[in-house]
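Open the model in your viewer and switch to a cartoon view. The tour below says what to select at each stop and what is there.

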Amino acid sequence: METQVNNNPAFSQVLRERHSVRKYDSSRKMSNEEINDLLNDAILAPSSSNLQPWRFIVITDQALKEQLLPIAYNQQQVVESSAIIAVLGDLEAYRNVNKIWDSAVEAGHATPEVRDMMVENSWNNYSALSREKQKEIALVDGGLVSMQLMLAAKAKGYDTVAMGGYNAEKFREMFRIPQRYATVMLIAVGHAAIPGRQTSRLPLQDVASYNEFKG
């Protein structure tokens, strides 16, 4: 049987037009409803055992953004963008496994028997992991949801930039974030004042190989 390939030019365009934007039109704001719309798209991302460890702090208050500015090494997008979305990862996301699988049963996605099995397996397996491994999983899943958020934003006409350059400990202190949650990244979102700079990529043959490793 011939495989049918579904080429989606709109999605391809989103991928190619998304660039990191650092200059924002501060006069154009986003409503909470618009931001929630982006987040609802983002949280459709996959995660380890569907534990959905991501947590978000949406920072729209201008006074808070001014306080955040020096913590983010004075990157002006912090105060000029519509919002800064802090992505966190819950190292103990397995504690929510009952709620997740109760919801799956209620929606008809799983039987009670499957729910019981998955709850027991997830709790036993993830609670036994080292803190380092729990953090590693949270950071991977946090990266997945972050990329999905940025693509969703571009698809809806907004721009973003992912920010790893900030003092994570001071950020944690500012928002009183418990050690249970890993800081993944900050994402500025809003309307570009200046288009993001286009960048080049290494050729595919430099980064991909089939059936063997080539460094």
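**Stop 1: a helix**

Select residues 131–155, which make up helix H7: 25 residues that reach 36 Å from the first C-alpha to the last, close to the 36 Å expected at 1.5 Å a residue. Keep in mind that this is a predicted model. Gly157 follows H7, and its phi is positive, near 95°.

**Stop 2: the sheet**

Now select the strands. An open sheet is formed by 4 strands in the order E1-E2-E4-E3, with antiparallel pairing. At the edges are E1 (54–59) and E3, each of which pairs on one side only. On average, neighbouring strands of this sheet are turned by 25° against each other, direction ignored.

Go to E1 and E2, which run antiparallel and are joined by 6 bridges. Pick Val58 and look across: Ile85 in E2 stands opposite.

**Stop 3**

Select residues 159–163, strand E3, where 4 of the 5 residues are buried. E3 is joined to strand E4 (residues 181–190) by 5 bridges, and the two run antiparallel. Which residue in E4 stands opposite Thr160? Val189 does.

**Stop 4: a loop residue**

Finally, select Glu92, in the loop between strand E2 (83–90) and helix H5 (97–106). Is Glu92 buried or exposed? Glu92 counts as buried because its relative accessible area is 14%, and the cut-off for buried is under 20%. Beyond its neighbours within four places in sequence, Glu92 is in contact with Arg131 and Arg180.

Terms used. Residues numbered from 1 in each chain as written. Predicted model: local features only at pLDDT ≥ 70, side-chain atom pairs only at ≥ 80, totals over all residues. Heavy atoms only, no water. Buried < 20%, exposed > 50% of the residue type's maximum accessible area, 1.4 Å probe, protein only. Pairing = 2+ DSSP bridges. Expected span 1.5 Å × (residues − 1). Contact = heavy atoms within 4.5 Å. Axes fitted to C-alpha atoms, helices over the stretch in contact; angles between N-to-C directions.
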